[in-house]
Amino acid sequence: MAEMPPPSPADATAMRPEAPPEAQTLRVLQAIFGLLAAAFSVTVLALGRDLIVPLVLAVLLAFVLAPVVVVLHRLRVPQVLGVVAAVLLAAAAILGLGVVMGRQAGSLTADLPAYQQTMAAKLQSLRLGELMQEADAALRNLRQMMGDGLADRAAPGAAEMPPPVTTAPAAEGGSPLAVIGSLAGPVLAPLATAGIVLLFAIFVLVYREDLRDRLIRLAGSSDLQRTTLALDDAARRLSRYFLAQVALNSLMGVTIALILWLLGLPAPALWGILAGLMRFVPFIGTFIALVPPLLLAVAVDPGWSMALWVLLLFLVAEPLMAQVLEPAVYGHSTGLSPVAVIVAATFWTFLWGPIGLLLATPLTVCLVVLGRHVPSLGFLDVMLGDRPPLQAHESFYQRALQRDTRELSRQAQRELRAHGSLSGYLDAVGLPALALADRDWSREELSPERMENVRAEVSALLEGLEAAPAPGPAQVVCAAGRGPLDDLTAAMAVRALGAEGLGAVALPAEAAAPDEAGAAWLCCLSVLEAGNTADGIRYLLRRLQRQFPQARIVVGLWQAEAASPLLAELRLDASGETIVTSLGELVALSRARPVPGP
């Protein structure tokens, strides 16, 4: 009586039980509470701007000065004295920049009438002056027509009504104390904010160890080793990044100021400081800093050479900083995705105005670092970081589902260069992607149409992969299992062996042995875990043993984890077949061909 094959896993798979209503209600409540928490946080940030902004500035200043304080401590300077010295040095530098900017702006304001005449002459030479005059005349006519229409609709005696009489301010409004208060208010408010920032920065630097311990307690003291390592790594990375960014932006500001001074542009220090500050805003900051000096160059120079030199200076300086110096100093840019930078700049500017624009990137970098070290905040790294949101095999599977043939080919070229061999690429990307599809199919989450899309795209990709021709008769037979994607895994194994110069041939499930496989000494049963069972694999092994009695039988249980129940069950079998879980192992096993006896 013929041996009957065991039932396929697809027939034996039961429908997944639906989640209970309580679990669904809990997920909905969690989503609602998450939205409420986000709305509450945004409200607190907006309403508490006057208190939160100085705190944020102080923390960022502490990150910048932390390496300086550490160096002073290594030089045997007392901690408190080193912190005060570092903060006072930073305050002096900031105050000096403010004084320079004020003086430069004052001298520039005095010369503006002469620059306006030069600008008017240039516009006239370009015949833009006439266009502006015509536009101004059209606007005056429109206002006059609108005024006449409103006057016709008004009451007849409305035009004869006397203008309203304004009363003089109260006597106490013009008192000396009120005048002093109105003049001192705009000056004292920034000074008070600066004092609060410096005071907070001193406290953060002096008590940074105590603050770190409190953060460890809040983050979870049950795993002190991981929490301490994460916080130390985050603080070290942020300190180095912010200090390097300040140094590089200062270097760019000084360079811009010196070159503008050599070009003869007025107030070069002002534009250099502006360029250094705006580099804290990636992508668009430098272009924002370009506009004022470019317009001033057009107004100052009777010709166009100065404006062209200024434009060329910024167009060369920004790529040089972003593509050469920044990667050499602290790696690839900010670690943020371009979309995250734009969204963060818009969000923080909406909340805090211009100061939010300058703080957007540092704050977002802090959030990304927290997301990389705190598991509960991992979504921040996914949303804001520049690391790929999908792993290579997940991207492979997603592109195959979408029938994105071009992107699949591009990814294959990139990953082949990264892994250096076809077997390495298929082990890291191709087989894990097929395992995802096989798992979704066994759970009945993948429709037949989608499965056909995956099969078609993977088959086309394998056809495009170059492999070395088989040297003579096939040495290895890659037999497919009964799973829905096992034939593709066998085709991948054949391609990987061929790329290594090993002759191999694919054998469909339960098919007769081809003529070119008669001299094969190794037979690999190629299966995926989710699409097979132990009984089905044993049945196929007995069939292969009868087909290839002279060959060594190997089970390729691709992508099986060490704790796989199927792998453990097969290892308990007394048949003694070798089990490999990667194409690299199969290639190494195929190279170790036994020497025939005498």
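1. On conventions, residues are numbered from 1 along each chain as its sequence is written, and side-chain values use heavy atoms, with hydrogens and water left out. Because the model is predicted, local features need pLDDT of at least 70 and side-chain atom pairs count only at pLDDT 80 or more, while totals for chains, interfaces and linings use all residues.

2. Five strands form an open sheet in the order β2-β1-β3-β4-β5, and the pairing is parallel; strands here are DSSP E runs of at least two residues, helices are H or I runs of at least four, and both are numbered from the N terminus, while two strands pair if DSSP finds at least two bridges between them. The edge strands, each pairing on one side only, are β2 and β5 (578-580). On average, and with direction ignored, neighbouring strands of this sheet are turned by 25° against each other.

3. Strand β1 (residues 476-480) pairs with strand β2 (residues 504-507) in the parallel sense over four bridges, and A479 has L507 in β2 as its bridge partner. Strand β4 (residues 552-558) and β5 pair in the parallel sense over three bridges, with V554 standing opposite T578 in β5.

4. Five of the five residues of β1 are buried, so this strand is largely enclosed by the rest of the structure; buried means under 20% relative accessible area, exposed over 50%, and partly exposed in between, with a 1.4 Å probe and protein chains only. V476, C478 and A480 point one way from β1, whereas V477 and A479 point the other way.

5. Helix α18 (residues 422-442) and helix α20 (residues 486-499) pack at an angle of about 175°, with their axes 10 Å apart, which makes α18 roughly antiparallel to α20 (an angle over 145 degrees). In this contact (heavy atoms within 4.5 Å), L422, L426 and L434 are among the residues of α18, and L488, M492 and A499 are among those of α20. The contact residues divide into eight nonpolar, three polar and one charged.

6. Four aromatic pairs are counted, where rings of Phe, Tyr and Trp (its six-membered ring) pair if their centres lie within 6.5 Å. The rings of F203 and Y207 have centres 6.1 Å apart and planes at 10°, so the pair is stacked (planes under 30 degrees apart). F203 is partly exposed, with a relative accessible area of 44%, and Y207 also counts as partly exposed, at 44%. F347, W348 and W352 form one aromatic cluster.

Definitions and conventions
Phe/Tyr/Trp six-rings, centres within 6.5 Å; stacked < 30°, edge-to-face > 60°. Axes fitted to C-alpha atoms, helices over the stretch in contact; angles between N-to-C directions. Parallel < 35°, antiparallel > 145°, perpendicular 65-115°, else oblique. Nonpolar A, V, L, I, M, F, W, Y, C, P; charged D, E, K, R; others polar.
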